[in-house]
Amino acid sequence: MKLTWNFSPKRENLIALLLVAILIGMLTGTLAVAFRYLLLLTTDLFWPDPLALLEVKNSYPWYLIMAIPVCGGLLVGPLIHRLSPETRGAGVPEVIEAVVTREGTIHHRTAFFKSLFTAISIGSGASVGREGPVVHIGASVGSSIAQLIKLPAEWKRVFLACGAASGIAATFNAPMAGMLFAAEIILVDFQVSYLSHISISAVTATVVSHHFLGSLPTFQVPAFKLVSYAELPLYALLGLLAGLVSVLFIRSVSLVEDVFNRAGIDYVYRPAIAGLLIGAIAINWPHILGVGYESINLTLTANMALGLMAVVLLLKLVATASSVGAGFSGGVFAPSLVLGSLLGGLFGGVVQVLFPGSVASSAAYSLIGMGAVVAGTTLAPITAIFTIFELTYNFDIILPLMTCCITSLVTVQKLYGFSIYETKLLRKGIRMVRGHDVNLLRSMQVGNFMVTDFQSLQQDMLLGDVLEIAEQSHYPHFPVLDQQKKLVGMLSMSDLKSFLGDVGELCQLVIASEIMTSRVSIVRPEDNFETAFEIFEGKQISTLPVVADDGALLGILKKNDLLLAYNQKVLKLNVVQRR
């Protein structure tokens, strides 16, 4: 028996929706804690000590270290392929895809399979993170509850975001970071009215996490101090390097996928092949195994040599790109933190040698570097800034953190242009424009939705006649045509305003062609909605004339009609999918 909810925007329903958001936070927080223990359990099955993977060389022979990631890949590959292909990879791109193409609908089974397959992947040593999967799990919880009580598509997206925020909040004990993650990354079209629901879910999940795991931060965070404002250029330089590492990381994941595709290797076997590379690296550098938080803590406590940091930085990037590109189930948020901590620690160690006694410790630079690489890979600087700030609650960190994260962001935007999540969607053929699925926009032609009933003007029409037509018409824009009925310009009510004070003198002197706008953006009937949408957004106009190749005016496309037709298309697709 399914529950039903006769939705209406009444106040009592809004209170009930807040209660649903609290429920999502409780469930996601509980699942995040359970997932943490599941990771410990699976890691303990494969390795001698799940909390000390760096010591694995002292307990296992080299061939066993190499074999375990391969076994994990052989186990995960077929299971993911046959049972739940959507759980392959990071998880966050799949959540974004659900928001923008399926109105927030995620399969109910996703939470279970994502937990299981990620636990096996990380437990066997795959270099992936746990945050992305927890986001996927939380989003699945939020979406499933919304589907269960039959909420409209708008609220399915909101509650999916509530679950995603709860996942990040519970993982890092950072409710603000969770809330901003959902707003900045998951909800492409964010509305402030939803902030209360997302916030209360994140806070609830954090309380649950505190109850079971304590309120201590995830990492051994050093005390931070900005030695002088002269250090800010150094943090900007670190941001530039973080941006370069982010671009290299994003491109490396795509490169691995391309190599597998060109080789024609089946998805079933790809994780095992990546596992072989991971195992080979881990024989001498076990730092690349699993999530990598041990390496972060070593850099944050300044207990890793500079040379080792440089080597592990490169190898961790290779191992993570191989793991994600091959299809292990796991995220990229934690690996981004690891890469950032190693880069920051290495940079900090170098500047300490160059400027002894006048700069902060390498641990401080490591902490800033964590946020910078996250900002670069996700193109979500606010989330990155608050993630690191909530680890320290030290306001001295804000200026260098902002400087570094924004520099990293700009570097990636200039050199590449897309986040690691957007890249994944683009490779699947899904390109997002302000939350609109371009695949749908491209399938809709202008000619099928233009208006042919409109009021036009002749270019030699006198101002008095123009004003008379404008006064009686409900159209705010008028196409201006020549004698051959071809478009020569557009005239709007704003064009007429400057003549209203001298109407008496000018009515018989001024003609339409003298006051019209001659430089007009047009569309063709065969153009798709993507082209029209980009023109509307770029020009900030509400009407586009539809013109034939010979210049003849065929119709008018209104921005409101475009958006209405797009929304109706999405609704129709949702109805078909439910059938």
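A nonpolar core is a set of buried Ala, Val, Leu, Ile, Met, Phe, Trp, Tyr and Cys residues joined through side-chain atoms within 4.5 Å; buried means under 20% relative accessible area, exposed over 50%, and partly exposed in between (1.4 Å probe, protein chains only). The views below come from a predicted model, in which local features need pLDDT of at least 70, side-chain atom pairs count only at pLDDT 80 or more, and totals for chains, interfaces and linings use all residues. Residues are numbered from 1 along each chain as its sequence is written, and side-chain values use heavy atoms, leaving out hydrogens and water.

**View 1. Welcome to the largest nonpolar core, with its 133 residues.** The members that touch the most others are Phe 159, Phe 181, Ile 186, Phe 219, Tyr 365 and Tyr 421. Contact means heavy atoms within 4.5 Å. Leaving aside residues up to four places away in sequence, Phe 219 touches Phe 172, Tyr 293, Ile 296, Asn 297, Leu 300, Leu 337, Met 370 and Leu 391. A second, separate core has 13 residues, including Val 523, Phe 533, Leu 544 and Val 546. Across the 579 residues of the protein, 55% count as buried.

**View 2. Here are some of the 9 aromatic pairs in the structure.** Rings of Phe, Tyr and Trp (its six-membered ring) pair if their centres lie within 6.5 Å; planes under 30 degrees apart count as stacked, over 60 as edge-to-face and the rest as tilted. Phe 181 and Phe 333 form an edge-to-face pair, because their ring centres are 6.2 Å apart and their planes stand at 70 degrees. Helices (H or I, at least four residues) and strands (E, at least two) are DSSP runs, numbered from the N terminus. Phe 181 belongs to helix H7 (residues 175–186) and Phe 333 to helix H13 (residues 333–354), so this pair ties together parts that are 152 residues apart in sequence. Both of these Phe residues are buried.

**View 3. Tyr 235 meets Tyr 365 in a stacked pair.** Their ring centres lie 4.6 Å apart, with planes at 20 degrees. Tyr 235 sits in helix H9 (residues 232–263) and Tyr 365 in helix H14 (residues 362–378), so the pair joins parts that are 130 residues apart in sequence. Tyr 235 and Tyr 365 are both buried. Look for Phe 347 too: ring pairs link Tyr 235, Phe 347 and Tyr 365 into a cluster.

**View 4. Helix H11 (residues 293–300) is largely enclosed by the rest of the structure.** That is because 6 of its 8 residues are buried: Tyr 293, Ser 295, Ile 296, Asn 297, Thr 299 and Leu 300. These buried residues pack against helix H5 (131–148), helix H6 (153–172), helix H12 (306–326), H13 and H14. Just after H11, Ala 302 takes a positive phi of about 55 degrees.

**View 5. Three strands make an open sheet in the order E3-E4-E5, with mixed pairing.** Two strands pair if DSSP finds at least two bridges between them. Strand E3 (457–458) and strand E5 (487–492) stand at the edges with a single partner strand each, so one side of each is left without a neighbour in the sheet. E3 and strand E4 (residues 477–481) pair in the parallel sense over 2 bridges. Gln 458 has Leu 481 in E4 as its bridge partner.
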